[in-house]
Amino acid sequence: QVQLVESGGGLVQPGGSLRLSCAASGSIFSINAMGWYRQAPGKQRELVAGITVSGDTKYADSVKGRFTISRDNAKNTVYLQTNSLQGEDTAVYYCRALIQIMDGAENDYWGQGIQVTVSS
């Protein structure tokens, strides 16, 4: 059994910052790619940022220069530092990870989602 648990969301004023965390736990052998997605009301879920096991990153154009993804492989955790937040960043943010479990199978896991609201 593998779980991804997000934390760090909340209400922030425009221009503010939040640091999201996502910790994976359970019968983990290794974690490959990890990423953050978001879904705003009435919109499709979209990729925000991704990071490979070696640290290569990619970002949605809308967040480049404002958001930074990182990971701590020893803690099985991925982070998303969000700066200069704007109203259009308001969404439920989801963590996703490609994880190889102890029996050798590689599966795609999602967190339960965490709300980020940018409002004055």
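A pocket is an open set of points on a 1 Å grid over the protein atoms alone, where a 1.4 Å probe fits and where protein lies on both sides within 12 Å along at least five of seven lines, and its lining residues have an atom within 4 Å of a point. The model is predicted, so local features need pLDDT of at least 70 and side-chain atom pairs count only at pLDDT 80 or more, whereas totals for chains, interfaces and linings use all residues. Residues are numbered from 1 along each chain as its sequence is written, and side-chain values use heavy atoms, with hydrogens and water left out.

**View 1. The largest pocket and its lining.** Strand β4 gives the most to the lining, with four residues, strands being DSSP runs of E of at least two residues, numbered from the N terminus.

**View 2. Tyr 37 and its surroundings.** Tyr 37 is found in strand β4 and is buried, with a relative accessible area of 17%, where buried means under 20%, exposed over 50% and partly exposed in between (1.4 Å probe, protein chains only). A polar contact of 2.8 Å joins its side chain to that of Arg 96; such a contact is a pair of N or O atoms within 3.5 Å, of which, within protein, one must be able to donate a hydrogen and the other to accept it, and residues adjacent in sequence count only if both atoms are side-chain atoms. Tyr 37 and Tyr 93 are 56 residues apart in sequence, yet their C-alpha atoms are 5.7 Å apart in space.

**View 3. The largest nonpolar core.** This core, a set of buried Ala, Val, Leu, Ile, Met, Phe, Trp, Tyr and Cys residues joined through side-chain atoms within 4.5 Å, has 32 residues, and among those with the most contacts inside it are Trp 36, Tyr 93 and Ile 99. Its largest share, six residues, comes from β9.

View 4. Most residues other than glycine have a negative phi.

Notes: Contact = heavy atoms within 4.5 Å. Lists of a residue's contacts leave out its neighbours within four places in sequence.
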